[in-house]
Amino acid sequence: MANGRSNTNEIGSAARTVFFISAVVMMSILIIVGIYLIQLQNDKEQPESSAYDIRKEFSELIADSSECLPVYEEMEIPEMTIEEAFSLYKENSSYYHECTVTSVGTDGTTHERIKRILRDGENYNIRTYNKNTLIETIKCDGEYILIINETTGKSNRIPLTKDLSPMELASMPSHENLLALLNEYNSADSEDLPALSKCTYSMIRARDMNLLNLIVTYRDTGITERYFYYLNYGIIYHCSSEASGSNAQPYSMSTTYFNQNISDFINEDSFLTE
C-alpha cells in the first residue's frame, strides 16, 4: 500500500507540474497574441456589444487595476519582452471615435470637451465641442492641416510635418509621440537622459477585452501618465495624468463611442483642407 500511495503522489506531482507549465505557456501565448498579432484581428469584424456594456466593464477594470496587480504583470514572453512587443504595435488607422476630455487649468478650473475623431489613414477630421456647441475643427489631408476656429470663423492652413500631429493639436494623446518616448527610454545607446524616468507595462484581460495598461513618469516634471490601450480595437481607450504626490488629474480622456466602420461618418468634405 505504501508503494501505491507513493506512486499516486508521484503521478499527482507530475500532473501538477505539467499543468503549471502548460498554464505558463498558454498565458505567454495569450500575451503575444494580444500585442504582437492583435493587428491581424483589426481587419475582422468585432463581436457586437453595446457601448454601455464596454464602458461599464472597462470602468470596473480600471478600478480593479488600481487596487491590485494585474495577473500578467511579471509574465515573461518567450524570445520577446513586452516592451519589444509593444514597439511593434500599431494603432487602428481607420475609425470613428467619440470621447470626453477633461482638463484642469492653472487657475483650478475644470474644462470638459467632447471630441469626435474621424480617421482614414493619414487623413483626420477632429471636431471639438463645448457641450453641444462646435468650437473647433481640425482637418488633415495627409499633406496639410486646416485649423478652423468655429467661434470666430477664422482658419489657419499649415503643412503637415513629422513633428506635427493633428491629434496633439487637438489635445489628444498621440501614440506615435508616446512610442518615440518609450523607444528612447528603452534604448541602451541613448547618451542623454531620456524624458521618461519610469515606465511599466501590464496586461488586463476580461471576456473579449485585451487591454494594455501603460504607466509613464516624466523626469523633469514628475507627472505620471496612465494609458489603457484597447488592443482589440487598436486605440487608446482611456488615459489620465496626475502630478507626483497628488491625487489631482489635470487631464483625462475616456472613450464614449467607437466604430471601425467609417462609411456612415465620412463625406466628400471630411478631409478637405482647401
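On a 1 Å grid over the protein atoms alone, a cavity is a set of points where a 1.4 Å probe fits but cannot get out, and lining residues have an atom within 4 Å of a point. A volume is the space filled by probe spheres set on the points, which are joined across faces, edges and corners.

This is a predicted model, where local features need pLDDT of at least 70 and side-chain atom pairs pLDDT 80 or more, while totals for linings use all residues. Residues are numbered from 1 along each chain, and side-chain values use heavy atoms, without hydrogens and water.

**Exercise 1.** Describe the largest cavity.

*Solution.* Start with the search: one cavity of 30 Å³ or more turns up in the whole structure. Next, its volume is about 70 Å³. Then look at the lining, which includes E91, Y95, H97 and M253. Finally, sort the lining residues: seven are nonpolar, one is polar and one is charged, where Tyr, Met, Pro and Ile are among the nonpolar types, Glu is among the charged ones, and those in neither list are polar.

**Exercise 2.** Is C99 buried or exposed?

*Solution.* Recall the cut-offs: buried means under 20% relative accessible area, exposed over 50%, partly exposed in between (1.4 Å probe, protein chains only). C99 has 0% relative accessibility, so C99 counts as buried.

**Exercise 3.** Which residues does R219 contact beyond its neighbours within four places in sequence?

*Solution.* Contact means heavy atoms within 4.5 Å. With those neighbours left aside, R219 touches L193, P194, A195, L196 and S197. Now zoom in: the R219 side chain reaches the backbone oxygen of P194 at 3.0 Å.

Definitions and conventions:
1 Å grid on protein atoms, 1.4 Å probe; cavity = no way out; pocket = protein on both sides within 12 Å on 5 of 7 lines; lining within 4 Å. Polar contact = N/O pair within 3.5 Å; in protein donor to acceptor, adjacent residues only side chain to side chain.
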